[in-house]
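Please look through the sequence and the model shown below before reading on.

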Amino acid sequence: MSAGSLEDASAEPMDELRRLAYRLMPIDQRAAEAVHSIVGSLTAPLQVLVAGRSGVGRSAVVRLLESDNRAARRVGGAPVIPTETRAFDVPGAIDPDLTHHCVVYVVVDGIRDVDRRAARRLSDRGLVVVNKADRVGDGWEAAVGRATEIAHELGTATVPLVALTGEGGGAFFDALARIVEAQWWRRVDGMRAVLERVAAGADADEAGAQDEVERYLGADSGVTFAATAALVRPELKEFVAAAPALPETVDEALRCATWWGGQAQREHPSWPDAVSLVQRAYVRRWASLGGRPAGSEGAP
């Protein structure tokens, strides 16, 4: 919900999760283990599958990912692991399953039906790379134009790249970072429901465990963490596109809280909790920037 980096947005709530597990250990071991498991799932490796037909340069793309610091960084504490898949379109073989992973799908200038089928299944988890872009047309501008044509045809983000030399690496790593970070936030998005179940299932004789979990969920960092994750949901995509920009001032935060509050008043039967959660987070942001406490005159 802040305008900062993922590391800035995740550091405090991740530390709070670890502290929550530590506090729960002497109260309710099962609850503590459940929170430890959440931390483990958020810091587990994020696998990036590098896929495509034989001869398009999958191995070169993997080597580029393994050798460049921009890909080697951790995302929310999770290491990014590039993995080359088997080749697509091999006679007698089943094409690799790209489900549930971030994907870099590698093509060259000429794309085939198998590329179209694979790329169209990627949604926002994938990036198409036109490798060997130095062989496309006359100069880099032609390669960028060809990537734009392929993006329109496939409906998937597409960038040109020369994996052997790293040319085009800036746009490639920027696009991949957005995809990997969104995948990490999807992990976070499932965390709140798990914590709510942990609180509900805490030992009846150990009320302190339930209190600790609910205190985390209700804290500013917990609400903001969960709301930021909710924003990556496909059903909120149109809301995010229409919403005011991320706030940096109290007035901007008020504008965001008011806008999302308006959406929360409408009928959104499939995702009312997510919209309300985002609105709550912006109210917290507004208050942290100096807005009047909730309940006073002028509060959103």
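## Basis of the model

This is a predicted model, in which local features need pLDDT of at least 70 and side-chain atom pairs count only at pLDDT 80 or more, while totals for chains, interfaces and linings use all residues. Residues are numbered from 1 along each chain as its sequence is written, and side-chain values use heavy atoms, with hydrogens and water left out.

## Aromatic pairs

The structure holds seven aromatic pairs, where rings of Phe, Tyr and Trp (its six-membered ring) pair if their centres lie within 6.5 Å, and planes under 30 degrees apart count as stacked, over 60 as edge-to-face and the rest as tilted. One of them joins Phe88 and Tyr105 edge-to-face, at 5.5 Å centre to centre and with 85° between the planes. Because Phe88 lies in the loop between strand E3 (78-84) and strand E4 (102-107), and Tyr105 in strand E4, this pair ties together parts that are 17 residues apart in sequence; strands are DSSP runs of E of at least two residues, and helices runs of H or I of at least four, numbered from the N terminus. Phe88 is buried, with a relative accessible area of 2%, and Tyr105 is buried too, at 0% (buried means under 20% relative accessible area, exposed over 50%, partly exposed in between, with a 1.4 Å probe and protein chains only).

The rings of Phe239 and Trp260 have centres 6.1 Å apart and planes at 25°, so this pair is stacked. Both Phe239 and Trp260 are buried.

## Nonpolar cores

In the largest nonpolar core, which has 51 residues, Leu17, Phe172, Trp184 and Leu195 touch the most other members; such a core is a set of buried Ala, Val, Leu, Ile, Met, Phe, Trp, Tyr and Cys residues joined through side-chain atoms within 4.5 Å. Helix H7 (residues 169-189) gives the largest share of this core, nine residues.
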